[in-house]
Each structure stands twice: as structure tokens, then as C-alpha cells.
Amino acid sequence: MTLRRLTLAVTLALTPFPLLAQDAPPKADPLAGFGWLRELAGSCWTTVLPGGKLRDTQCYEVRFGRFLAGSIRLAPVAAPDDTAAPAVKLPHGAGFGGENICKAEKGGRISCWNWGSDGTFSPGEYLADGELFRYPLPRKPASTAPEQRMTWKRLDADSVRVSREKKDGEAWTESFAIVYTRVRP
């Protein structure tokens, strides 16, 4: 080996290649657009729905490093007596199971696909509104019912408040609210 080749080989061997990697721009965090919703991942969240007859448990996880996936299960609550207030009417009732997968988009929008044991399969979206996330509920075709949405608000690291709201003219009025608490894995 000539001296020139030996010098080149030694120089290349001693050159720190990580310097080349430092010049590359950092990759964007694909979960950044979820805001605090990303903190739902890795835990289940539970509440008893108004009326005290149904428990709603939702579990979340990150999939493929960029999607937030969730599951929902509604199950009857074993009550010591039957004096609880009437339960909130839900189209699917006890025994319902559902899944969703969401992706953060540009502009504070989170697009989702939802499907459930009652045959539902539909798109949906969360819209960031400051620290709140609004989830407009789809209207049935030809419906004249008021527009509705769910509003998600983080209370602290272990609780989230979700309210259902109806549009009344230009204002939104709250129909009911529940607080989900974290169930540690």
C-alpha cells in the first residue's frame, strides 16, 4: 500500500461520521399534533355515565409511532339498588365495543376512523381549540336535530372532562359532562 493510500485510509478511519448525521435536520414528531391527547396513550380511562347504569372504559395506545388508537367498552354497572337516575340514552347501550384510530393532521385537526359492534363505521375528527379538543358529532341524513359536539378538556394528568353540547342559535349549551379517570396499567 502506498503512503498516500495509507494516509487516506487512516484519515477516513479516524473521521467521526456522526458529524455528518448532525448536519441532518431533526425529524418532526408525528405525535406533536395530538397535543395533550397523546398523554392518553398507555392507559385506560373510565367513568360511570349519567344515570349510574353504564361504565365507559376507553384505552389508548400509540401504533406505528404515528397513530393514536383507542377502544371503548360500555358495560353494566352492578348497582346495589335500582334507584339511580335514568341513564343517558345512547344508541348502542350496554355491551357496546368500539375502536378508532386517529392521525394528527396540519392545522390542529385530528382525523379518525371509528367502528363499533353495532355496525357503525364512520370518519370523524377532533379540532384543536386552545387547550380543548372539539369532536363534532355527525348528523343523520335529513336530520333537523341541533348540531352536537363533544368537548374534551384535560383537568390534570389523571383526569379528563368530556361534555356533550348542543348548538342553540349561535351558542353551545351543555347537555351533560363526565370525568374520565386514569386506570393505571
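Tutor: Two strands pair if DSSP finds at least two bridges between them. This model is predicted, and in it the bridge partner of Trp-45 in β10 is Arg-182.

Student: What makes β1 and β10 a pair of strands?

Tutor: Strand β1 (residues 44-48) and strand β10 (residues 171-183) are joined by 3 bridges. The requirement is at least two, so β1 and β10 pair. The two strands run antiparallel.

Student: How many bridges join β9 to β10, and which residue is the bridge partner of Val-160 in β10?

Tutor: The number of bridges between β9 and β10 is 10, and these strands also run antiparallel. With at least two bridges required, β9 and β10 therefore count as a pair. Val-160 has Tyr-180 as its bridge partner in β10. In the hairpin of β9 and β10, 2 residues lie between the strands, and Gly-169 takes a positive phi near 70 degrees.

Student: Why is Ser-159 called buried?

Tutor: Its relative accessibility is 9%. Buried means under 20%, so Ser-159 falls in that class. Ser-159 lies in strand β9 (residues 159-168).

Student: What makes the approach of Ser-159 to Asp-156 a polar contact?

Tutor: The side chains of Ser-159 and Asp-156 make this contact at 2.9 Å. The cut-off for a pair of N or O atoms is within 3.5 Å, so the distance qualifies. Leaving out residues up to four places away in sequence, Ser-159 touches Trp-45, Arg-154, Val-179, Tyr-180 and Thr-181.

Student: Why is Trp-115 called partly exposed?

Tutor: The relative accessible area of Trp-115 is 36%. Trp-115 belongs to strand β5 (residues 109-116).

Student: Which residues form a nonpolar patch with Trp-115?

Tutor: Trp-113 and Phe-121 form the surface patch with Trp-115, and together the three have about 360 Å² of accessible area.

Student: How many helices and strands does the protein chain have?

Tutor: The protein chain has 2 helices and 10 strands. From the N terminus on, the order is α-α-β-β-β-β-β-β-β-β-β-β. Of the 185 residues, 28% are buried.

Technical notes: Residues are numbered from 1 along each chain as its sequence is written. This is a predicted model: local features need pLDDT of at least 70, side-chain atom pairs count only at pLDDT 80 or more; totals for chains, interfaces and linings use all residues. Side-chain values use heavy atoms; hydrogens and water are left out. Helices (H or I, at least four residues) and strands (E, at least two) are DSSP runs, numbered from the N terminus. Buried means under 20% relative accessible area, exposed over 50%, partly exposed in between (1.4 Å probe, protein chains only). A polar contact is a pair of N or O atoms within 3.5 Å; within protein, one must be able to donate a hydrogen and the other to accept it, and residues adjacent in sequence count only if both atoms are side-chain atoms. Contact means heavy atoms within 4.5 Å. Patches are made of residues with over 30% relative accessible area and no salt bridge: like charges are joined within 9 Å, nonpolar side chains (Val, Leu, Ile, Met, Phe, Trp, Tyr) within 5 Å. Accessible areas come from the Shrake-Rupley method with a 1.4 Å probe; for residues, only the protein chains shown count as cover. A salt bridge is a side-chain nitrogen of Lys or Arg within 4 Å of a carboxyl oxygen of Asp or Glu.
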